[in-house]
Amino acid sequence: MIKTTMTALGLAVVVALSGCTSTTELTKASNSQVSQENVLLQPFSGPFQGVPQFDKMNLADLTPAFEAGIAEHLADVDKVANNPESATFENTIVELERAGKSLDRIFTYYGIWRNNKSSEESRALAKELAPKLSVFSSKVTQNGKLFDRVKAVYQSEEYKTLTPEQQRVTWLTYNSFARNGATLTGEAKARYAEINQQLATLHTKFSSNVLADEEGYVVFLDKSQLSGLPESFIAGAASAAAERGKVGQFAITNSRSSMDPFLTYSTERALREQVWKNYYNRGGNGDQYDNNATIKQILTLRHERVQLLGYENYAQWRLEDRMAKSPANAKALMDKVWPAAIARVEEEVADMQAIADKDGANITIAPWDYRFYSERVRKEKYDLDSNEIKQYLQLDKLREAMFYVAKRLFNFEFSEVTDGSVPVYHDDVRVWEVKDSVTGKHIGLWYLDPFARKGKRSGAWANTFRSYTTMDGETNVLSTNNSNFVKGPEGKATLISWSDAETYFHEFGHALHFLSADVVYPQSHTGVRDYTEFQSQLLERWLTTDEVINQFLVHHETGEAIPKSLVDKIKKSSTFNQGFSTTEYMASAMMDLLYHTTDPAKIDPAKFEKEQLTKLGMPTELVMRHRSTHFGHIFSGEGYAAAYYGYLWAEVLTSDAAEAFADAPGGFYDKALADKLVEHLFSVRNAMDPAQAYRLFRGRDADVSALMRDRGFPVTK
């Protein structure tokens, strides 16, 4: 999952649509007076064109910084709106691109408090800030004079003479206004703004509830309860317990990186059930953190809001400017894959049940058994032990592998900044300078925050603290990757699973997308959600190239390269368990679309999830990857709402593009094709329509049959 830096206008809209809470009138603060003392308002300083001063950030500065930043941005907007000259691209669109620079910087720090350094204090502050940010957003998007000027440029003769990027930036700006209430008047306009405020509050409430359950449900074990668990996992669990004041015990935290391996290896079935329920019941435990009522409110308000704009349902509004264009097209793609996915689950469960019966376990496979018995099947069918693979998956070596791929494909050279000149917000964070390996030109910085800890939200994500533009002089890129790996013991390598290794490469793909940018305007960094995952998904494919396997997958104790026999087993089992992974993801994507195409008055979230999944034929042996009450992608904001299918849409592009590399003379390191990849699919960001960009790379649209082949599903015409 990603969160990218956007223009001040775009970011304002996203924040209003994605989460915080409570309402009060904005105070007018003197920006010049406050900024002298408030580091959050000051331009980034130090080397590398200036960097965030994370070592000086103070939560007490956040509210006054936002008040000053908002006042500055509104003044910038008013200046554009009230310009007496006729609207032009330069005096309207470009000036809007320049608006609110202080606010952009504030959001950098705010994102760290929300995602990497969360606390009760910061979460309470987020609730207070949410309505202020929503009011601010509405003041921008509902500024009639401003919209009239944007519309005038979009409909002008000048528009026809603009460069392709300038035309797209103009369209994106116009569209962001038109689709977010700018065309409304009177009571409808006021109600639209009111709904945005209420949604901002509810989105933050939803995510805060999930985080509370992630922190509140930790299973502590003693030595007698560790049966089946690998030594590396036990060591990490011991460290996690010690961090929580339970020295001598072992903590299974309520995060995927802890839950997943525990369910895979633990022979204690009752404990597996407990850990599974803790994780999959987040936000749905019937207490003060229960999200069912919040989901109902969110869906109701979203539905009302899009009806004000004349849309039948939320998904229709959301997908209009995506690659899918309509809910029907998104559903059609999923309908092609779903039957094959659940049929494969049936086969996988049969294999697992046979082993359980052979063992005399006297059980029927339940969701907390799936990973455990799947691993047993893997060993029996392919003689492949996931823990054996893990011994060759060292976090540091995998990072070196990513750097190797970046150099071969993108000409990027990474060198760590170790002199302390770049401040960080936690000791775990490390920073690398990125240069062009051919010309030596400085590209930017890459921050890495890899480990799980209290106060850091779960999952993996990427974003930027500054993106590349040339509008007012060339800027470098400040990119960042964030993960939640369980840190290895002091002095020992951190070992991760094959799935985690793929995620590591995935998120680095987002970073390469940021670092490759060659665009003029900030607006060109906004994303088309069913396309933005494509570049990162594609990079996962380089993990299995011989060049990476032979050089970087070495045993953490002996240093010996992974045996060819083990590599052969990995490749042979590449489509193993695709029923599980495809079905758990697609169940979430299909429920997302159902939530946003159904009248909310007919929805009781707990019942709706159960009833709809039953209608879809969801296998009982597994659940949605993100059950409704912790489905943050769609309920803690709106970035993926009605658009979670986008991962599958992007995977179609990924599979198709991967086949192009597989067929190229130089394989996955074919220089000509790599150059084409960077030119058409990485450097342009959103300065070009994604469908057009893909055709320039491939010479045609992507073929869904490539995805079916990838997953070992039958290909039907």
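Lys and Arg count as positive and Asp and Glu as negative, while His and the chain ends are not counted, and the place of a charge is taken as NZ of Lys, CZ of Arg, CG of Asp or CD of Glu. By this scheme the protein chain carries 81 positive and 94 negative side chains, and the centres of the two sets are 2 Å apart. The structure is a predicted model, in which local features need pLDDT of at least 70 and side-chain atom pairs count only at pLDDT 80 or more, whereas totals for chains, interfaces and linings use all residues. Residues are numbered from 1 along each chain as its sequence is written, and side-chain values use heavy atoms, with hydrogens and water left out.

The C-alpha trace spans about 80 × 60 × 60 Å along its principal axes. The radius of gyration, taken over C-alpha atoms, is compared with a globule rule of 2.2 Å times the number of residues to the power 0.38; for 717 residues a compact globule would have a value near 27 Å, and the 25 Å of the protein chain agrees with this. Of the 717 residues, 61% are buried, a word that means under 20% relative accessible area, with exposed meaning over 50% and partly exposed lying in between (1.4 Å probe, protein chains only). If contact means heavy atoms within 4.5 Å, then among contacts between residues at least 6 apart in sequence, 77% join residues at least 24 apart.

Single residues can now be placed in this picture. Arginine 371 belongs to helix H17 (residues 370–382) and is buried because its relative accessible area is 8%. Its side chain makes a polar contact with the side chain of tyrosine 280 at 2.9 Å; such a contact is a pair of N or O atoms within 3.5 Å, and within protein one must be able to donate a hydrogen and the other to accept it, while residues adjacent in sequence count only if both atoms are side-chain atoms. Leaving aside neighbours within four places in sequence, the residues in contact with arginine 371 include Arg256, Asp260, Tyr280 and Glu584.

Glutamine 391 lies in the loop between helix H18 (386–390) and helix H19 (395–410), and with a relative accessible area of 17% this glutamine is buried. Not counting residues up to four places away in sequence, glutamine 391 touches Leu495, Val554, His555 and His556.

Terms used
Helices (H or I, at least four residues) and strands (E, at least two) are DSSP runs, numbered from the N terminus.
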